[in-house]
Amino acid sequence: MNAHKNPWDEDYHRRGRLWGGRPSSLPHVPQSSRLLELGCGNGKTTACLVRAGCSVTAIDLSPHAASLCHKTCPDVDRLRILIADCRQTPFRNETFDVIMASHIVGHVTSTDRQQLAREIVRLLASEGTVHFCDFSKG
């Protein structure tokens, strides 16, 4: 048993689907893109991307969130989910054409943000695109 508790996993285990609805908007992503969604949560964005015809690799720290994401997706043949830390992923350099980072950066420390940014740069293919959305104080 892991000595470090994962508060996100505990929250998803206790409360289930934490985030409902659909994302307010999604960027156009060519269906042939190798796409990674960081912090997929319960699959709100992932399901919309799959419905749009994309094949998605999604990662989350929470096994409970990943399970909910899998159940949310309309076509699991277009989905690959891994339990992984977005700051240090198991993927090779330049693996993805598109990386989605929605409402994840605001949940990590400043040091972790730097590590996350380095990981995104490492994973992104030449001419790739990052789609970033997060909370702000407005």
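Author: Let us take strand β4 and begin with its partner β1: the two strands pair in the parallel sense, and 4 bridges join them. Within this pairing, E37 stands opposite M100 in β4. Please keep in mind that the model is predicted.

On β5, strand β4 has another partner. The strand β5 comprises residues 124-133, runs parallel to β4 and is joined to β4 by 6 bridges. Between β4 and β5 the chain passes through helix α4, residues 110-123, and this β-α-β crossover is right-handed. F96 stands opposite L124 in β5, and I99 stands opposite V130 in β5.

How enclosed is β4 itself? Of its 7 residues, 6 are buried, so the strand is largely enclosed by the rest of the structure. A residue counts as buried when its relative accessible area is under 20%.

The loop that leaves β4 deserves attention as well. V105 lies in this loop, between β4 and α4. V105 has a relative accessibility of 16% and therefore counts as buried. Leaving out residues up to four places away in sequence, V105 touches R113, L116, F132 and D134. One of these, F132, is 27 residues from V105 along the chain, yet the C-alpha atoms of the two are separated by 8.9 Å.

We may now turn to a helix that meets β4. The buried residues of α2 pack against β4 (96-102), and also against β1 (35-38), β2 (56-60), β3 (79-83) and α3. The buried residues are T45, T46, A47, C48, L49 and V50. After α2 comes G53, whose phi is positive, near 100°.

Helix α3, one of the elements that α2 packs against, comprises residues 63-72, and its buried residues are A65, A66, L68 and C69. These four lie on the same side of α3, because they cover an arc of only 160° around the axis.

S62 is placed in the loop between β2 and α3, and with a relative accessibility of 0% S62 counts as buried. A side-chain oxygen of S62 reaches to within 3.3 Å of the backbone nitrogen of H64.

Strand β3, which also receives buried residues of α2, contains R80. R80 has a relative accessibility of 46%, so this residue counts as partly exposed. Apart from neighbours within four places in sequence, R80 is in contact with V56, T57, A58 and F91. R80 and H70 are 10 residues apart in sequence, and their C-alpha atoms lie 8.7 Å apart in space.

The chain contains 4 helices and 5 strands, and from the N terminus on the elements follow the order α-β-α-β-α-β-β-α-β. The chain has 138 residues, of which 43% are buried.

To return to the strand with which we began, β4 pairs with β1 in the parallel sense and runs parallel to β5, while the buried residues of α2 pack against β4.

Key:
Residues are numbered from 1 along each chain as its sequence is written. This is a predicted model: local features need pLDDT of at least 70, side-chain atom pairs count only at pLDDT 80 or more; totals for chains, interfaces and linings use all residues. Side-chain values use heavy atoms; hydrogens and water are left out. Buried means under 20% relative accessible area, exposed over 50%, partly exposed in between (1.4 Å probe, protein chains only). The arc is that of the directions from the helix axis to the C-beta atoms. A polar contact is a pair of N or O atoms within 3.5 Å; within protein, one must be able to donate a hydrogen and the other to accept it, and residues adjacent in sequence count only if both atoms are side-chain atoms. Contact means heavy atoms within 4.5 Å. Two strands pair if DSSP finds at least two bridges between them. A crossover is right-handed if, with the strands pointing away from the viewer, the path from the first strand over the helix to the second runs clockwise.
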